[in-house]
Amino acid sequence: QSDMRFAEMLCRSKVSLGYGPRVIRQFLKQAGVSEAVSSEALCQLACEVDWLAELSRVWHKKYGKKQAVLPHERQKQWQFLSYRGFTEACIKQFLG
């Protein structure tokens, strides 16, 4: 099996588990995938995946329809999404 196929499979697997691009890059690095193959796999993944929709799916799974009203609730949700590997821009766009 080629490194590229392995990287693509790992990326798809981690997206389905609710991880964002930053954490997926770490998983690829831990798996010993080279930086070049990792970057190519993530670039290809970015074309296939709507990260805002994935973030929304993960958020709804965790919080349901509960909107963050208080600042500490919003901060807690921000930290959760950041921990899952979503970018700051994507989180800011979703949480407003």
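These entries record what I looked up in a predicted model of a helical protein.

**Entry 1. Basis.** I worked from a predicted model in which local features need pLDDT of at least 70, side-chain atom pairs count only at pLDDT 80 or more, and totals for chains, interfaces and linings use all residues. Residues are numbered from 1 along each chain as its sequence is written, and side-chain values use heavy atoms, with hydrogens and water left out.

**Entry 2. Overall fold.** I found six helices and zero strands, in the order α-α-α-α-α-α along the sequence. Helices (H or I, at least four residues) and strands (E, at least two) are DSSP runs numbered from the N terminus. The C-alpha atoms fill a box of roughly 50 × 20 × 20 Å along the principal axes. Of the 96 residues, 38% count as buried; buried means under 20% relative accessible area, exposed over 50% and partly exposed in between, with a 1.4 Å probe and protein chains only. I also noted that 58% of the contacts with a separation of 6 or more join residues 24 or more positions apart, where contact means heavy atoms within 4.5 Å.

**Entry 3. Helix H2.** I listed the buried residues of H2 as Pro-21, Val-23, Ile-24 and Leu-28. Down the axis of H2 they fall within an arc of 160 degrees, so they line one face of the helix; the arc is that of the directions from the helix axis to the C-beta atoms. Gln-26, Lys-29 and Gln-30 are exposed on the other side of H2. The buried residues of H2 pack against H1, H3, H4 and helix H5 (71–83). Just after H2, Gly-32 has a positive phi of about 85 degrees.

**Entry 4. Helix H3.** I checked the length of H3 (residues 35–48): at 1.5 Å a residue its 14 residues should span 20 Å, and its end C-alpha atoms are 20 Å apart, which agrees. The expected span is 1.5 Å times one less than the number of residues. Val-37, Ser-38, Ala-41, Leu-42 and Leu-45 are the buried residues of H3. Seen down the axis of H3, these buried residues lie within an arc of 130 degrees, so they line one face. An α-helix has 3.6 residues a turn, so residues three or four places apart point the same way. The face of H3 turned away from the buried side carries exposed Glu-35, Ala-36 and Cys-47. The cover over the buried residues of H3 includes H1 (3–16), H2 (21–30) and H4 (51–63).

**Entry 5. Ser-38.** Within H3, I looked up Ser-38, which is buried with a relative accessible area of 3%. Not counting residues up to four places away in sequence, Ser-38 touches Arg-25, Leu-28 and Val-33.

**Entry 6. Largest cavity.** About 40 Å³ of space lies in the largest cavity. A cavity is a set of points, on a 1 Å grid over the protein atoms alone, where a 1.4 Å probe fits but cannot get out; lining residues have an atom within 4 Å of a point. I recorded the lining as Glu-8, Cys-11, Arg-12, Ala-41, Gln-44, Leu-45 and Glu-48. H3 gives the largest share of this lining, four residues.

**Entry 7. Phe-94.** I placed Phe-94 in helix H6 (residues 88–95). At 25% relative accessibility, Phe-94 counts as partly exposed. Leaving aside neighbours within four places in sequence, Phe-94 is in contact with Leu-52, Leu-55, Ser-56 and Trp-59.

Technical notes
1 Å grid on protein atoms, 1.4 Å probe; cavity = no way out; pocket = protein on both sides within 12 Å on 5 of 7 lines; lining within 4 Å. Points joined across faces, edges and corners; volume = space filled by probe spheres on them.
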